[in-house]
Amino acid sequence: MNVLHITAYLDPSHGYEENHLGPAQADLGANVTIITSNVRVSGKDNREKFEVGESEYRGTKLIRLDTLGFPWRQPAMGLRGLVEAIRA
């Protein structure tokens, strides 16, 4: 089974459900991809960023995309390249 999660933030230093659901599904045998922003929510002013690109995260494929705008100043954000990442 293929599973895709799209979430605004995924910071490994936090314990939010986004950090656990995908890896738990991967442990059950699913092929899990998580697409998220490169924004790091643990920074003093939330302006620190993760590197854009693909990596492995606890048994899942993690894709970090660049953000459009300033997510710490508005209630919604866009992810540059989201449609292409979903289609891949």
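**Asp11**

Buried here means under 20% relative accessible area, exposed means over 50%, and partly exposed lies in between (1.4 Å probe, protein chains only). The model is predicted: local features need pLDDT of at least 70, side-chain atom pairs count only at pLDDT 80 or more, and totals for chains, interfaces and linings use all residues. Residues are numbered from 1 along each chain as its sequence is written, and side-chain values use heavy atoms, with hydrogens and water left out.

I placed Asp11 in the loop between E1 and H1. Helices (H or I, at least four residues) and strands (E, at least two) are DSSP runs, numbered from the N terminus. I then checked the Asp11 side chain for partners. A polar contact of 2.8 Å joins it to the side chain of Ser13. Such a contact is a pair of N or O atoms within 3.5 Å; within protein, one must be able to donate a hydrogen and the other to accept it, and residues adjacent in sequence count only if both atoms are side-chain atoms.

**Strand E2**

Next I asked how much of strand E2 is buried. For residues 31-37, the count is 6 of the 7 residues, so E2 is largely enclosed by the rest of the structure. I traced its neighbours. Strand E1 (residues 2-6) runs parallel to E2, joined by 5 bridges. The chain gets from E1 to E2 through helix H1 (residues 18-27), and this β-α-β crossover is right-handed. Right-handed means that, with the strands pointing away from the viewer, the path from the first strand over the helix to the second runs clockwise. Asn2 has Asn31 in E2 as its bridge partner.

Strand E4 (residues 60-65) also runs parallel to E2, again with 5 bridges. Here I noted Ile35, whose bridge partner in E4 is Ile63. Two strands pair if DSSP finds at least two bridges between them.

**Salt bridges**

I counted 3 salt bridges, each a side-chain nitrogen of Lys or Arg within 4 Å of a carboxyl oxygen of Asp or Glu. Side chains of opposite charge can pair when their charged atoms come close.

I began with Asp66 and Lys49, which meet at 4.0 Å, N to O. This pair links distant parts of the chain, 17 residues apart: Asp66 is in the loop between E4 and strand E5 (67-68), and Lys49 is in the loop between E2 and strand E3 (53-57). Asp66 is partly exposed at 25%, and Lys49 is partly exposed at 37%.

I then looked at Arg80, which meets Asp66 at 2.7 Å, N to O. Arg80 sits in the loop between strand E6 (78-79) and helix H2 (82-87), 14 residues from Asp66. Arg80 is partly exposed, at 45% relative accessibility. Shared partners join Lys49, Asp66 and Arg80 into one network.

I also logged Lys61 with Glu54, at 3.7 Å, N to O. Lys61 is partly exposed at 35%, whereas Glu54 is exposed at 58%.

**Nonpolar patch**

Which residues make the nonpolar surface patch? I found Leu4, Ile6 and Ile86, making about 250 Å². Areas come from the Shrake-Rupley method with a 1.4 Å probe; for residues, only the protein chains shown count as cover. Patch residues have over 30% relative accessible area and no salt bridge; like charges are joined within 9 Å, nonpolar side chains (Val, Leu, Ile, Met, Phe, Trp, Tyr) within 5 Å. I found Ile86 in helix H2, partly exposed at 41%.
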